[in-house]
Amino acid sequence: NDFDAVWWSLQEFFNDEYDTDTQKMARQQLNAERGLRLAEQKGCDWLLHIDSDELFHLRQGGQADDHFASLTRAGIHHMTYTNL
């Protein structure tokens, strides 16, 4: 399938250190890299990497596109958010 094809295209992740069959972290790294490459292909300016049980919430009804556009205008290209 397409997902497996993308994984196998990321050859730098396939060595003795990364066992994607048994190591959760290896799969997470591989999926994050896959997401990054797909975002670049689609021309995304920002990529938000969160777990499925997490929520990205902006105070006072803010909009995500406005939030990230304001960061870009301020010259900020990387942001780390604290879990609350």
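## Exposure of a residue: Ile76

A residue is called buried when its relative accessible area is under 20%, exposed when that value is over 50%, and partly exposed in between. Ile76 has a relative accessibility of 29%, and therefore counts as partly exposed. This residue is found in the segment after helix α3. When neighbours within four places in sequence are left aside, Ile76 is in contact with Trp46 and Leu71.

The structure described in this report is a predicted model.

## Overall architecture and confidence

The protein contains three helices and zero strands. Read from the N terminus on, its elements follow the order α-α-α. Helix α1 covers residues 2-9, helix α2 covers residues 24-41, and helix α3 covers residues 64-73. Of the 84 residues in the protein, 12% are buried. The protein exposes about 7,100 Å², and carbon and sulfur atoms supply 50% of this area. Among contacts between residues at least 6 apart in sequence, 31% join residues at least 24 apart.

The confidence of the prediction, given as pLDDT, has a mean of 80 for the protein, and 73% of the residues reach 70 or more. Confidence is lowest in helix α1, where the mean is 65. It is highest in helix α3, where the mean is 94.

## The aromatic cluster

How many aromatic pairs does a search of the whole structure find? The search finds three. One of them joins Phe56 and Phe68, whose ring centres are 5.6 Å apart and whose planes meet at 20°, so this pair is stacked. The cut-off behind this reasoning is that planes under 30 degrees apart count as stacked. The pair links distant parts of the chain, since Phe56 lies in the loop between α2 and α3, Phe68 lies in helix α3, and the two are 12 residues apart. Phe56 counts as partly exposed because its relative accessibility is 24%, whereas Phe68 is buried, with a relative accessible area of 13%.

Phe56 also forms an aromatic pair with Tyr81. This pair is edge-to-face, with 5.2 Å from centre to centre and 80° between the planes. Phe56 lies in the loop between α2 and α3 and Tyr81 in the segment after α3, so the pair ties together parts that are 25 residues apart in sequence. Tyr81 has a relative accessible area of 33% and is therefore partly exposed. Together, Trp46, Phe56, Phe68 and Tyr81 form one aromatic cluster.

## Met79 and the nonpolar surface patch

Which residues make the nonpolar surface patch of about 310 Å²? The patch is made by Leu48, Ile50, Met79 and Tyr81.

Met79 lies in the segment after α3. Its relative accessibility is 33%, so Met79 counts as partly exposed. Leaving aside neighbours within four places in sequence, Met79 is in contact with Trp46 and Leu71. Met79 and Phe68 are 11 residues apart in sequence, and their C-alpha atoms are 9.6 Å apart in space.

Side chains of opposite charge can pair when their charged atoms come close. The structure holds one salt bridge. Arg37 forms this bridge with Glu33, and the closest N and O atoms are 2.8 Å apart.

Where do the two partners stand relative to each other in helix α2? Arg37 and Glu33 are four residues apart in this helix, and they are therefore separated by about one helical turn. Arg37 has a relative accessibility of 29% and so counts as partly exposed. Glu33, with a relative accessible area of 21%, is partly exposed as well.

Conventions: Residues numbered from 1 in each chain as written. Heavy atoms only, no water. Patch = residues over 30% accessible without salt bridge, like charges linked within 9 Å, V, L, I, M, F, W, Y side chains within 5 Å. Areas by Shrake-Rupley, 256 points an atom, 1.4 Å probe, with all protein chains shown as cover. Salt bridge = Lys/Arg side-chain N within 4 Å of Asp/Glu carboxyl O. Phe/Tyr/Trp six-rings, centres within 6.5 Å; stacked < 30°, edge-to-face > 60°. Buried < 20%, exposed > 50% of the residue type's maximum accessible area, 1.4 Å probe, protein only. Contact = heavy atoms within 4.5 Å. pLDDT = per-residue confidence, 0-100.
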